[in-house]
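Student: I would like to learn how to read a structure like this one. Please show it to me and take the features in turn.

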Amino acid sequence: MRINSIPSKDLYYQYVYMSGKTTTPISYASKTDKVELTDQAKTFSATLKAAKEMIGTRDASEQSRIESIRRQINAGTYSIPGDKVAEKILGN
């Protein structure tokens, strides 16, 4: 499968032009593309952008807590009590 291939007819006309058999070049610049986004796509994009901004704006205490957990996980000392896991699963 070829993506963005040039049709063989256009290749032929380019060859004819380049060989000097005609003085009229084929121009691809006159073609334009148009993109339309649905309202759902626009909403999703705005929501994703807001979520990315929220991730980047953590306060110092939250960032230090995350860093502490990261160090514990890397050291193999991080553990979560089973009752806490069960509470989260049950939605309490």
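Student: How many salt bridges does the structure hold?

Tutor: A salt bridge is a side-chain nitrogen of Lys or Arg within 4 Å of a carboxyl oxygen of Asp or Glu. The structure holds 2 of them. This is a predicted model, in which local features need pLDDT of at least 70 and side-chain atom pairs count only at pLDDT 80 or more, while totals for chains, interfaces and linings use all residues. Residues are numbered from 1 along each chain as its sequence is written, and side-chain values use heavy atoms, with hydrogens and water left out.

Student: Which residue forms a salt bridge with Lys34, and are the two buried or exposed?

Tutor: Buried means under 20% relative accessible area, exposed over 50%, and partly exposed in between (1.4 Å probe, protein chains only). The partner of Lys34 is Glu36, with the closest N and O atoms 3.4 Å apart. Both Lys34 and Glu36 are exposed.

Student: Where is Arg70, and which side chain does Arg70 meet in a salt bridge?

Tutor: Helices (H or I, at least four residues) and strands (E, at least two) are DSSP runs, numbered from the N terminus. Arg70 is in helix H3, and its side chain meets that of Glu67 in a salt bridge at 2.8 Å, N to O. Arg70 and Glu67 are 3 residues apart in helix H3, so about one helical turn separates them. Arg70 counts as partly exposed because its relative accessibility is 42%; Glu67 is also partly exposed, at 29%.

Student: What span does helix H3 reach?

Tutor: The expected span of a helix is 1.5 Å times one less than its number of residues. H3 covers residues 60-75, 16 residues, and reaches 22 Å from its first C-alpha to its last, close to the 22 Å expected. After H3 comes Gly76, with a positive phi near 80 degrees.

Student: What pattern does the protein chain follow along the sequence?

Tutor: The pattern is α-α-α-α, with 4 helices and 0 strands. Of the 92 residues in the protein chain, 2% count as buried.

Student: Which residues make the nonpolar surface patch?

Tutor: Patches are made of residues with over 30% relative accessible area and no salt bridge; like charges are joined within 9 Å, and nonpolar side chains (Val, Leu, Ile, Met, Phe, Trp, Tyr) within 5 Å. Here Ile73, Tyr78, Ile80, Val85, Ile89 and Leu90 make a patch of about 610 Å². Helix H4 (residues 82-90) gives the most, with 3 residues. Ile80 lies in the loop between H3 and H4.

Methods. Accessible areas come from the Shrake-Rupley method with a 1.4 Å probe; for residues, only the protein chains shown count as cover.
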